[in-house]
Amino acid sequence: MFLNSIGTALPERRYSKSECWEAFATSNWFERLSPRAHAVANTVLRRDNGIEERWLAVESLEEVFAIDPDTLHRRFATHAPRLAAEAARSALQRAALSADAIDAVIVTTCTGYLCPGLSGYVVERLGLRHEVLSFDLVGQGCAGALPNWQLASALLGAQQCDHVLSICVEVCSAAMYLDDDPGVLISACLFGDGAGAAVLSRRQPRGRRRVEWRETASLTNPGARESLRFEHRAGMLRNVLTRQVPQLAAEHADAVLQQALTRAGLGRGAISGWIFHAGGRDVLLALADRFGLQAEMLRYSREALRQYGNLSSAFVYFVLDAALADAAPGGWWWMSSFGAGFTCHGALLAVE
């Protein structure tokens with residue numbers, strides 16, 4: 001499987017950390033939460049947390065504090081199809097392919113639910129053939145991009161398709177929840193909205209940099225399920241985020257990399273590029289420590305986090321796109337995402 005192109009999409013408006021703090025401090029939620037909750041939000045939003053701004057699918061930050069099931073579902077149903085289609089359209093344009101060339105579309109999300117799923121909206125908005133294979137993957141959290149590509153690889157490897165459109169879209173502002181729990185508050189301060197898409201092809205596209213999917217590995221640890229997950233409360237998604245997440249991310253990412261390297265017959269020193277999902281600043285620090293990486297080696301993940309916040313499953317598209325746009329040196333690149341479950345996935349990319 002070869003990467004043909006990448007496209008990304010963001011909402012129209014972006015908001016700085018200071019703007020988010022001011023909106024929270026003047027909202028009706030401020031008095032409903034405890035002084036300890038105020039202190040947590042203040043620490044995350046007014047000190048260095050690795051994030052400077054986030055793009056959110058709201059006209060104003062006041063909208064963020066209208067938290068009820070109907071409002072949140074309406075936000076997801078309005079913006080998820082649009083962002084998914086925009087990212088996909090960008091990827092198709094970069095690939096110089098028409099909609100008719102796509103044989104399958106795979107859409108991943110965890111921040112809302114539609115039935116029929118988002119894939120049907122993408123088919124409609126892009127004018128894909130009605131006989132296109134379509135799949136909706138849900139419930140995989142921030143880890144979702146790599147399983148999406150794993151399915152694409154299976155379809156292309158079975159020669160059922162020549163071109164697969166892979167999309168991850170998250171409207172994290174549609175999964176907003178507030179209470180006095182520190183993990184819930186930190187989540188509300190970390191996540192942004194956005195979509196990433198890739199055209200994945202069975203053959204190397206002409207005139208493009210060679211990025212070939214070579215080996216993949218995964219790990220699912222149900223024993224750590226309660227460390228990071230969504231739960232339902234009052235008809236809404238509530239994010240469970242614990243202090244153990246950075247360490248869990250680093251441990252699982254290390255184990256998955258070792259699986260893939262063993263299968264490929266490579267040593268860790270062979271990796272020249274790191275395309276990591278960044279759950280947050282502390283996650284990146286834990287990864288750097290575990291893998292013995294200098295800050296420069298994680299610059300694309302760190303910069304994406306600074307500009308966009310945690311985009312959940314869509315994040316690694318932005319990181320990979322940045323590395324390719326910067327003409328980062330080729331060789332073996334490691335792309336990895338991790339999240340709810342606790343799950344972790346990775347892939348070795350041969351880049352020329």
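1. Of the 352 residues of the protein chain, 59% count as buried, meaning under 20% relative accessible area with a 1.4 Å probe, protein chains only. Keep in mind that this is a predicted model, where local features need pLDDT of at least 70, side-chain atom pairs count only at pLDDT 80 or more, and totals for chains, interfaces and linings use all residues. Residues are numbered from 1 along each chain as its sequence is written, and side-chain values use heavy atoms, with hydrogens and water left out.

2. On the overall build, you'll find ten helices and 13 strands (DSSP runs, numbered from the N terminus: H or I of at least four residues for helices, E of at least two for strands). The radius of gyration is 19 Å, close to the 20 Å from the globule rule for 352 residues, so the chain is as compact as a globular protein of that length. That radius is taken over C-alpha atoms, and the rule is 2.2 Å times the number of residues to the power 0.38.

3. Now to strand S12, residues 331-339: seven of its nine residues are buried. On one side of the pairing list is S11 (residues 271-276), which runs parallel to S12 and is joined to it by five bridges; strands pair if DSSP finds at least two bridges between them. Here Ile 271 has Trp 332 of S12 as its bridge partner.

4. S12 also pairs with S13 (residues 343-351), this time antiparallel, over nine bridges. Met 335 sits opposite Ala 347 of S13. The two strands make a hairpin with three residues between them, and Gly 341 in the turn has a positive phi of about 140°.

Notes
Buried means under 20% relative accessible area, exposed over 50%, partly exposed in between (1.4 Å probe, protein chains only).
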